[in-house]
Amino acid sequence: MSEFEFIKMNGLGNDFVIIDQRSNELDHSSTEVQHICNRDKGIGCDQLIYIRNSEISDIPLLKFYNSDGGEISACGNGTRCVANYLMEQDNKKEIEIMTSERKIYCQAKSNSCLLYTSDAADEGLGVDLGGRR
C-alpha cells in the first residue's frame with residue numbers, strides 16, 4: 001500500500017480517517033481499507049471517508065467505508081466532521097456535499113454543524129449533530 005496523507009477526526013464517539021483525494025484519487029482494496037481501519041495494525045477508525053471531486057458538479061463527493069471494508073452510502077457523524085473540515089479550509093459557513101445517494105447542505109452553527117438533505121432544506125428542516133472533537 002502506498003503512503004497517503006490523512007486527517008483523523010472524532011464525532012460523538014465515532015472516529016474517522018479522512019483522505020482528501022480531490023487532487024490525487026486513490027482506490028484502496030477492501031483488504032487495504034480493513035488494514036487502515038484496524039486499531040492494532042493500522043491507523044484505526046470506525047470508518048474511512050474519501051473526499052473526491054464529483055463527476056457532475058464542483059461539489060465534493062464523499063465515499064464511506066466501514067471497518068470491514070464494505071462501502072456504505074453515508075454517515076451523519078462522518079459527514080458532519082468532513083463538513084466542518086471543508087468549511088474551515090474554505091473559510092465558509094455553508095457548503096454542499098454529495099454522497100452516493102443525495103446532496104447534503106451543511107451549515108456551521110456556533111460550535112456545531114447543521115445538515116440538511118435537499119428535501120428537508122426546502123422545508124427548513126435539519127439535524128444538528130453537535131460539534132466535532
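Predicted model: local features only at pLDDT ≥ 70, side-chain atom pairs only at ≥ 80, totals over all residues.
**Helix α2.** Helices here are DSSP runs of H or I with at least four residues, strands are E runs of at least two, and both are numbered from the N terminus. I then checked burial (buried is under 20% relative accessible area, exposed over 50%, partly exposed in between, with a 1.4 Å probe and protein chains only). Eleven of the 15 residues of α2 are buried, so the helix is largely enclosed by the rest of the structure. Among them are Asn77, Arg80, Cys81 and Tyr85. Asn91 follows α2 and has a positive phi, near 55 degrees.

**Ground rules.** I noted that residues are numbered from 1 along each chain as its sequence is written, and that side-chain values use heavy atoms, with hydrogens and water left out. Local features need pLDDT of at least 70 and side-chain atom pairs count only at pLDDT 80 or more, while totals for chains, interfaces and linings use all residues.

**Cores.** I searched for nonpolar cores, meaning sets of buried Ala, Val, Leu, Ile, Met, Phe, Trp, Tyr and Cys residues joined through side-chain atoms within 4.5 Å. The largest has 19 residues, and Ile18 and Cys106 have the most contacts inside it. At least two residues each come from β2, β3 (47-53), β4 (60-66), α2 (76-90), β6 (94-98) and β7 (103-109). The most, six residues, come from α2. A second, separate core of nine residues includes Ile19, Ile36, Cys37 and Tyr65.

I listed the contacts of Ile18 (heavy atoms within 4.5 Å). Leaving out residues up to four places away in sequence, Ile18 touches Phe6, Ile7, Met9, Ile49, Ile51, Cys81 and Val82.

I checked the pairing of β1 (residues 7-11) with β2 (residues 14-20), which is antiparallel over five bridges; pairing requires at least two DSSP bridges between the strands. Asn10 has Asp15 in β2 as its bridge partner. Two residues lie between the strands, and Leu12 takes a positive phi near 50 degrees.

**Gln21.** I found Gln21 in the loop between β2 and α1. Gln21 is buried, at 2% relative accessible area. Its side chain reaches the backbone oxygen of Leu26 at 2.7 Å. Beyond neighbours within four places in sequence, Gln21 is in contact with Leu26, Tyr50, Ile51 and Arg52.

**Thr31.** I placed Thr31 in helix α1 (residues 30-37). Thr31 is exposed, at 59% relative accessible area.

Methods. Polar contact = N/O pair within 3.5 Å; in protein donor to acceptor, adjacent residues only side chain to side chain.
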